[in-house]
Amino acid sequence: MLTVGNMPQDKRALHALNRLAYGPRPGDVERVNQIGVERYIREQLDPESISVSPELTSRIDALTTLHMAPVELFLNFQVPVRQAKGDADAQKAARQRSRVILQEAVEGRLMRAIYGPRQLQEVMTAFWFNHFNVFAGKGLCHLWIGAYEQEAIRPHTMGRFRALLDATAKHPAMLFYLDSAPNGAGRQGKFEGINENYAREVMELHTLGVNGGYTQADVTALAHILTGWGLAKRGRGAMGMGGAGRGGEGMHPGYPGGRMRRLFGGWPRRAAHRAPLPGSESDAYGFYFDPGRHDFSDQVFLGRTYSGGAGIAAGEQALDVLAHSPTTARHLSYQLAQHFVADNPPPALVARMADRYEASQGDIRATLEVLFFSPEFWDQRYFAAKFKSPYEYAISAARATGTPDITNYGPLFGTMTLLGMPPYGHETPDGYADTREAWLNPDAMMTRLSFATALGQGHLPLLAPAFEDGASGGGDGGKGFRVNTKRGAGGAIMREISSPGAGAGRGWGVPMAPPNPAMLVAALGNDLSANTREAIEAAPAQLRASMVLGSPEFMMR
Amino acid sequence: MNRERDEHRYEHEIARAAVGIDRRAFIRGAALGAAGVMMLGPASWAARALSGDSSRKRLVVVFMRGAVDGLNVVVPHGEPNYYDARPTLAIAGAGGEGAALDLDGFFGLHPALAPLMPQWRDGTLAFVHACGSPDPTRSHFDAQDYMESGTPGVKSTADGWMNRVLAAMPGRSADKSSPTEALSLGANVPRILSGRMPVANIPLGRAAARPMPLDRPIVETAFDRMYRGSDALSHAYQRGREARARLMSELEQDMTEANNGAPSPKGFPDDTARLARLIARDPSIRLAFLALGGWDTHVNQGSSRGQLASHLQPLGEGLAGFATALGPHYQDTVIVVISEFGRTVRQNGNGGTDHGHGNVMWVMGGPVRGRKVYGAWPGLATQQLYQERDLAVTTDFREPISTVLRAHLGLGDAQIDRVFPSSPRATGHIASLIAV
């Protein structure tokens, strides 16, 4: 029995499931009580120890674009767009075909979050993706959004932060999103000189934090140090690919200009087998260090001189310093504690986590261990103290109902979108907020309760056939998810799901059985207030499951 | 009529609309939704609106998120340094295709903003140049945060300045105010409007009138009971119900009037046209906020054409259309257009501009003393620049806004101090911005 903290024992299983997982599925509370909360946490901290069902594995495997490397994605989905130049219809069809990538990324993410047994791994994947946010609606990022999560985020969620920082810094999605690709000495196509975007955000958002003690001069110096980190040009060998940036197309997917696209030459088919240039470095995912674009002058960054001769090693050293800085330790610990404990996390806990982070050289698992076995985490004042984000709310609702085999994730994605939190849809690099202040407002309550009403009555078409993927679609083109930025407005853009061309004759699929309200209440640990219970009992029978899903208790975790 | 069957059908319509499958289903759903709202009894909010403040003065704030390049919006064509710093981005000052539209012999307007020239000529459009935040940050997030909280450099401010304006307007309290006094158009309530005063939020575009399962009276009654308390969630629920009942009814009329209910892809101009109709119909709307993005032009910014131009075009059209659509209400409306900071004076090597400092503020509306570029122009010679790279800020953004609050909305000095605590002393350059 876990005795740290003053939370009553009968609430602990639910608390663990609400924080380390996306809430309970039917029977989960009992299962956690059976094996004990401590063992549950230890298992979750070691995801490899938890076996994944063959069914889920094969479903994830079937999402083919999730397992394609960036070069392959570019060849399969972007080259055809360019080749169709001059034929508007063919080009449109080729572009629509690429929507399958976002759709599969969303399906994979939601599927694992709802059905996957490695729940903490899923929570941490969403957490780190948001921390290292990339927006699917910016230019070519939509090609790599799923690969980015699969290759740069997932393998490192509980490993060393330095590895996570490295993987994100070098992934094509991030290189494109924060304009690392056009950051270079000298001229590359029409790009000339440094671009500070990544250098600024890696300090402000990814590592030190906004008051992290760096100056504009440090931003500029780091941008110089990181020159040459990018994607190689056409015919350059390695991962031949040109500069990228916030061009016309970058701001508006579907923008007819296509100026950026012209910069991308043919990506050689067997690119990975070609010999890289002397002094250059590249990896299997498309990162390419181009010494020809690197600024070899000395730089003073955070009070230390980086020798110009070091090339890519200078950038690696700078990332080492950032990853292991005590300021970074505090920043990350604060964010983790804010996510797992409270909007205003207890400073003493943050300090202990930061100490552990530093002592362990940025070991995320060790830092989480301090958190999950702290008296603060198990303080009863923090039970159900976090207001679920739209993402957490929709996923926890799908889990609580125990709906098996969701085939159509559209209604869940659509609900998250209406609530302002579509996966992969945050435009700016700061990611979504993690506080009640950000998500609780009158409008959001209306949308949440409408979702709860529809789901609780079995009226969401979760069992309808999935939208056909664009790869096999002809005629009216690809279906699926789209992050729509046409109405863009900074952090508050209206994004809407759209799935054009769905056949008029498409049925609703198998009707979903409405969840049984009593079973729902049991799944949630029978922990409802008197007022909530009375309101549910006063409601017509067919509304009761909806009332449970729309209850204040279910809004919190 | 078979009520149960209709309700069931309605649910399916909603689900369908929610995933955007079928536009016809959406329109049918909207009609059904309106019937639900009417059963709530619109009399309650109508009575409330009539009992409100008789004043009709209102303020609309448009936020250009991402830091617009103010030097290419109101172009200092009389400044040779401008042309030296921007060999390919500069906009010509002397007539001809693509030249700036001259304003006063020194400044000119970006040609994509030609739709606003009638407002300039009739004296209801003004600009304040070299305006901005005194805080040196070049982070979008921080700078937007400061401009929305109204307290540059202070991170701990919990609410937004527009919410404080709402609280400061005479005779108002969180309990008595109308739920649509302050309106935000967008996905969620922005920082600038967040705070203790209630704010209504309507999504942009056709999502605005999308009916919800919660609009059904049977569902509403059930949740009313669950959320009858005084906790934060109940409070949000109660406010949401009130605002929704009212807006659904108004938007339903609006959908019928505008384009026969067909959504149009025009974006910002549609949003401003809708806002104008809402204002005309609902006199209790006093504050409104819209944001639009796409201004972070690090790469390929373009000049008189290109990326920036294609973003300015709908903004200009939208604001001009707003002025027209407001009709007589334009006389009682002031529109302020802001952005978190300006961009570097020199163009960068990527055909764009990077994060800078000073910018231009736009002020438009019947009460504005326009046809004038206000402020103190600091010059663009290297030694005149902020940190030798950016347009300096000679007017704090809070000064023109304070003038609007005082002369237009009738706030006193003590109230303005609450909206903008510890604001710097006014320069006096812009005291005459609003006709009293």
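What covers the buried residues of H13(A)? The model examined here is a predicted one, in which local features need pLDDT of at least 70 and side-chain atom pairs count only at pLDDT 80 or more, while totals for chains, interfaces and linings use all residues. Residues are numbered from 1 along each chain as its sequence is written, and chains are lettered from A and ligands numbered from 1 in the order in which they are written.

Chain A contains 27 helices and 7 strands; helices (H or I, at least four residues) and strands (E, at least two) are DSSP runs, numbered from the N terminus. Of its 557 residues, 59% are buried. A residue is buried if 20 or more other C-beta atoms lie within 10 Å of its own, exposed if 12 or fewer, and partly exposed in between, with C-beta atoms placed from the backbone.

Helix H13 of chain A (residues 216-225) has 7 buried residues out of 10, so the rest of the structure largely encloses it. These are A:Asp218, A:Val219, A:Ala221, A:Leu222, A:Ala223, A:His224 and A:Ile225. To return to the opening question, their cover includes helix H12 (197-206), strand S6 (299-301), strand S7 (304-306) and helix H16 (312-323) of chain A.

At 1.5 Å a residue, helix H10 (residues 268-281) of chain B should span 20 Å, and its end C-alpha atoms are 20 Å apart, which agrees; the expected span is 1.5 Å times one less than the number of residues.

How do two helices pack together? Two packed helices are described by the angle between their axes and the distance between the axes. In chain A, the axes of helix H5 (residues 70-83) and helix H9 (residues 141-153) come within 10 Å and cross at roughly 150°. Axes are lines fitted to C-alpha atoms, for helices over the stretch in contact, and angles run from 0 to 180 degrees between N-to-C directions. H5(A) and H9(A) are therefore roughly antiparallel, a label for angles over 145 degrees. The contact (C-beta atoms, placed from the backbone, within 7 Å) is made by A:Pro70, A:Leu73, A:Phe74, A:Phe77 and A:Gln78 of H5(A) with A:Leu143, A:Trp144 and A:Ala147 of H9(A).

Also in helix H5 of chain A is A:Val79, which counts as partly exposed because it has 15 C-beta neighbours inside 10 Å.

Conventions. Two residues are in contact if their C-beta atoms, placed from the backbone, lie within 7 Å. Angles under 35 degrees count as roughly parallel, over 145 as roughly antiparallel, 65 to 115 as roughly perpendicular and the rest as oblique.
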